[in-house]
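Visitor: Hi, could you walk me through this one? I'd like to ask as we go.

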Amino acid sequence: MTISDNIQNIQRRMKKAAERFDVSLPAAKLIAVSKFQTKDNIQQALDAGHRCFGENRVQEAQEHWLGLRVLYPDLELHLIGALQTNKAADAVALFDMIQSLDREKLAQVLGAEMKKQGRNVPCLIQVNTGEEPQKAGIVPRELGSFLEFCTQECGLSVRGLMCIPPPDDPPALHFALLRDLARHFNLIELSMGMSNDFEKAIPLGATYIRIGTAIFGERS
Ligand SMILES: *Cc1c(COP(=O)(O)O)cnc(C)c1O
């Protein structure tokens, strides 16, 4: 199977997962997660016509995409990994969406940096739905006050929520919680579902799924 085959195959499975449940669901967008991938693999995805990618780290994303950005003006780049405040300026300059907004200090720095660059990058709040101590993200009971802080105090455009379920829990419970939280706070975007569980995320209203392994194979 080529990378192009894998992308088509996932898109077919996405469509099926939506149709089986409810044809009126919003179509989810496929983010190809290109962290740890070779330039050649990334080029294969581009040659297959894919334009929407996700990265975990700012520096690796710059290495992958600064040049390609010029060649592919319709690229859409999502930051899906933890962001250090000292990389915020580079992240604001490079990404089209930041999906890992997870703490007040970062919200402040991002807000200031967007003003400085005159660039409004939409954000998703990462929610720690499993309340795992070692995992980044806002716990559900603090989401309301954090959301208000991000929008009112920092001037950020928060469009939705993102989660990574705990590995040992049924993912659908976490996707349903994320959906309910988004509904409660009138947020539109839901980034949930990875290679192993995206077919469960789509019926629960995912608007972005983030797929690495199922497109590119195991990461080196
Ligand atoms: C790596 C990563 C993915 C992709 O995971 P796969 O299981 O390879 O599809 C999705 N989301 C985040 C936040 C990641 O770090």
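**A look inside the model**

Guide: Happy to. Let's start with T129, which is buried at a relative accessible area of 8% (buried means under 20% and exposed over 50%, partly exposed in between, with a 1.4 Å probe and protein chains only). This is a predicted model, where local features need pLDDT of at least 70, side-chain atom pairs count only at pLDDT 80 or more, and totals for chains, interfaces and linings use all residues. Residues are numbered from 1 along each chain as its sequence is written, and side-chain values use heavy atoms, leaving out hydrogens and water.

Visitor: Where is T129 found?

Guide: T129 sits in the loop between β5 and α6 (helices, H or I of at least four residues, and strands, E of at least two, are DSSP runs numbered from the N terminus).

Visitor: And what does the side chain of T129 make a polar contact with?

Guide: With the side chain of H174, at 2.8 Å; a polar contact is a pair of N or O atoms within 3.5 Å, and within protein one must be able to donate a hydrogen and the other to accept it, while residues adjacent in sequence count only if both atoms are side-chain atoms. Leaving aside neighbours within four places in sequence, T129 is in contact with P140, C163, H174, L177 and L178, contact meaning heavy atoms within 4.5 Å.

Visitor: On to α6, then. Which residues of α6 are buried?

Guide: In helix α6 (residues 143–153), they are L143, F146, L147, F149 and C150. Seen down the axis of α6, these fall within an arc of 160°, so they line one face of the helix; the arc is that of the directions from the helix axis to the C-beta atoms.

Visitor: What's exposed on the other side of α6?

Guide: S145, E148, Q152 and E153 are exposed there.

Visitor: What do the buried residues of α6 pack against?

Guide: They pack against β4 (97–101), α5 (104–117), β5 (123–126), β6 (158–162) and α7 (171–184). Just after α6, G155 takes a positive phi of about 70°.

Visitor: Changing topic: which residues surround the ligand?

Guide: Among them are V33, K35, N56, S195, R210 and R219, each with a heavy atom within 4 Å of the ligand.

Visitor: How far is the N56 side chain from the ligand?

Guide: A polar side-chain atom of N56 lies 3.2 Å from a ligand oxygen atom. For S195, a polar side-chain atom lies 2.5 Å from an oxygen atom of the ligand. In the side chain of R210, an N or O atom is 2.8 Å from a ligand nitrogen atom.
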